[in-house]
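These are my notebook entries on one structure. I set down in order what I looked up and what I found.

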Amino acid sequence: MNACERLAHVRERIERACEKANRKPEEVRLLGATKTVPPERIREFFSCGLSLFGENRVQELLKKQEALRGLPIEWHFIGVLQTNKVKYLMGRVSLIHSLDRKSLADEIQKRAKKAGIVQDVLIEVNVGGEETKAGVSEDELFSLFEYTMGLENVRVLGLMTIPPYEEDPERARPYFEKLRKLKEKLEEEFRVRLPHLSMGMSNDFEVAIQEGATIVRIGTLLFGERS
Ligand SMILES: *Cc1c(COP(=O)(O)O)cnc(C)c1O
């Protein structure tokens, strides 16, 4: 399959999952997770109509933005974010998916204020409680959320998670359900609306959509296996 066929295939599966869940396809955004994918390949997918991409590493993001400058691509940052790299992201990504600690929130606040912007973020939650995974624990989530709500130049739009890997996507469902419930709890307790749930990857996005995902982050299924 060429790039456009691959994209069409993924979009079809998203539409079918939406139908099954009684949701509108417009409610789910497809993000191409482009770690290790060269700029020329990204350009191909852009030509096919995909305009939202996410990078895991700041250096790699900057390189690709440089190589693809001029194209109206929307970039998100989806990887582990080191505090000392925040300054490079300002004005370059419309959404950071991986806020997971107060010190990082402080740094985003400081740099966003300096840049004269409000930076949209998602809080990453470690729903599986895995030691090796990024994200706040459920226990820390409410305190980090409240803290970040108090920062003028940082706006929380929802939650993100990477659940434990499961061969059978059905087994990821409880994690997605948990993230949705946490979002609902935050909305209720803080009387805010959180529009986004970033969850679902190549192996499990259909289940994530059924559980309320608004952004699915797809790498392998679009771009092929990473070398
Ligand atoms: C790599 C990556 C993805 C995409 O994973 P695939 O299984 O290749 O679809 C999604 N989200 C994050 C944060 C990633 O690092």
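Entry 1. The chain as a whole.

I began with burial: of the 227 residues of the chain, 50% count as buried. I note at the outset that the model is predicted. I then listed the secondary structure, which comes to nine helices and eight strands. The radius of gyration is 17 Å, close to the 17 Å that the globule rule gives for 227 residues, so the chain is as compact as a globular protein of that length. Along its principal axes the C-alpha trace spans about 45 × 40 × 30 Å. Among contacts between residues at least 6 apart in sequence, 60% join residues at least 24 apart.

Entry 2. Helix α7.

I turned next to helix α7, which covers residues 173–190 and has 18 residues. From its first C-alpha to its last, α7 reaches 26 Å, close to the 26 Å expected at 1.5 Å a residue. Which residues of α7 are buried? I found Arg-173, Phe-176, Leu-179, Leu-182, Lys-183, Leu-186, Glu-187 and Phe-190. For the reading of such a list I recalled that an α-helix has 3.6 residues a turn, so residues three or four places apart point the same way. I then asked what the buried residues of α7 pack against. Their partners are the helices α6 (138–149) and α8 (205–210), together with the strands β6 (154–160) and β7 (196–198). Just after α7, Arg-191 takes a positive phi of about 50°.

I looked up Lys-183, which is found in helix α7. Is Lys-183 buried or exposed? Its relative accessibility is 11%, and the cut-off for buried is under 20%, so Lys-183 counts as buried. The side chain of Lys-183 reaches the backbone oxygen of Leu-194 at 2.6 Å. Leaving aside residues up to four places away in sequence, Lys-183 touches Leu-159, Leu-194, His-196 and Leu-197.

I then took Tyr-175, also found in helix α7. With residues up to four places away in sequence again left out, Tyr-175 touches Val-127, Gly-128, Pro-163, Pro-164 and Glu-166. I checked one distance as well: the C-alpha atoms of Tyr-175 and Lys-20 are separated by 19 Å, and these residues are 155 apart along the chain.

Entry 3. Aromatic pairs.

I asked how many aromatic pairs there are. The count comes to four. One of them is formed by Phe-142 and Phe-190; this pair is tilted, with 6.4 Å centre to centre and 35° between the planes. Phe-142 lies in helix α6 and Phe-190 in helix α7, so the pair ties together parts that are 48 residues apart in sequence. Phe-142 is buried, with a relative accessible area of 16%.

I then examined Phe-145 with Phe-190. Their ring centres are 5.0 Å apart and their planes are at 55°, so this pair is tilted. This pair, too, links distant parts of the chain, with Phe-145 in helix α6 and Phe-190 in helix α7, 45 residues apart. Phe-145 is buried, with a relative accessible area of 0%. I recorded that ring pairs link Phe-142, Phe-145 and Phe-190 into a cluster.

Entry 4. The disulfide.

I searched for disulfides and found one. This disulfide joins Cys-4 to Cys-48, with 2.1 Å from S to S. Cys-4 lies in helix α1 (residues 3–20) and Cys-48 in the loop between α2 (39–47) and β2 (52–55), so the pair ties together parts that are 44 residues apart in sequence. Why is the disulfide called left-handed? The torsion about the S-S bond is about -85°, so the disulfide is left-handed. Cys-4 is partly exposed, at a relative accessible area of 42%. Cys-48 is partly exposed as well, at 23%. I looked up another cysteine, Cys-18, and found it buried with a relative accessible area of 0%.

Entry 5. Positive phi in two loops.

Asn-22 has a positive phi of about 60° although it is not a glycine. Asn-22 is placed in the loop between α1 and β1 (29–33), and at 73% relative accessibility it counts as exposed. Thr-36, in the loop between β1 and α2, has a positive phi near 70° and is likewise a residue other than glycine. At 46% relative accessibility, Thr-36 counts as partly exposed.

Technical notes:
Residues are numbered from 1 along each chain as its sequence is written. This is a predicted model: local features need pLDDT of at least 70, side-chain atom pairs count only at pLDDT 80 or more; totals for chains, interfaces and linings use all residues. Side-chain values use heavy atoms; hydrogens and water are left out. Helices (H or I, at least four residues) and strands (E, at least two) are DSSP runs, numbered from the N terminus. The expected span of a helix is 1.5 Å times one less than its number of residues. Buried means under 20% relative accessible area, exposed over 50%, partly exposed in between (1.4 Å probe, protein chains only). Contact means heavy atoms within 4.5 Å. Rings of Phe, Tyr and Trp (its six-membered ring) pair if their centres lie within 6.5 Å; planes under 30 degrees apart count as stacked, over 60 as edge-to-face and the rest as tilted. A polar contact is a pair of N or O atoms within 3.5 Å; within protein, one must be able to donate a hydrogen and the other to accept it, and residues adjacent in sequence count only if both atoms are side-chain atoms. A disulfide is a pair of cysteine sulfur atoms within 2.5 Å. The radius of gyration is taken over C-alpha atoms; the globule rule is 2.2 Å times the number of residues to the power 0.38.
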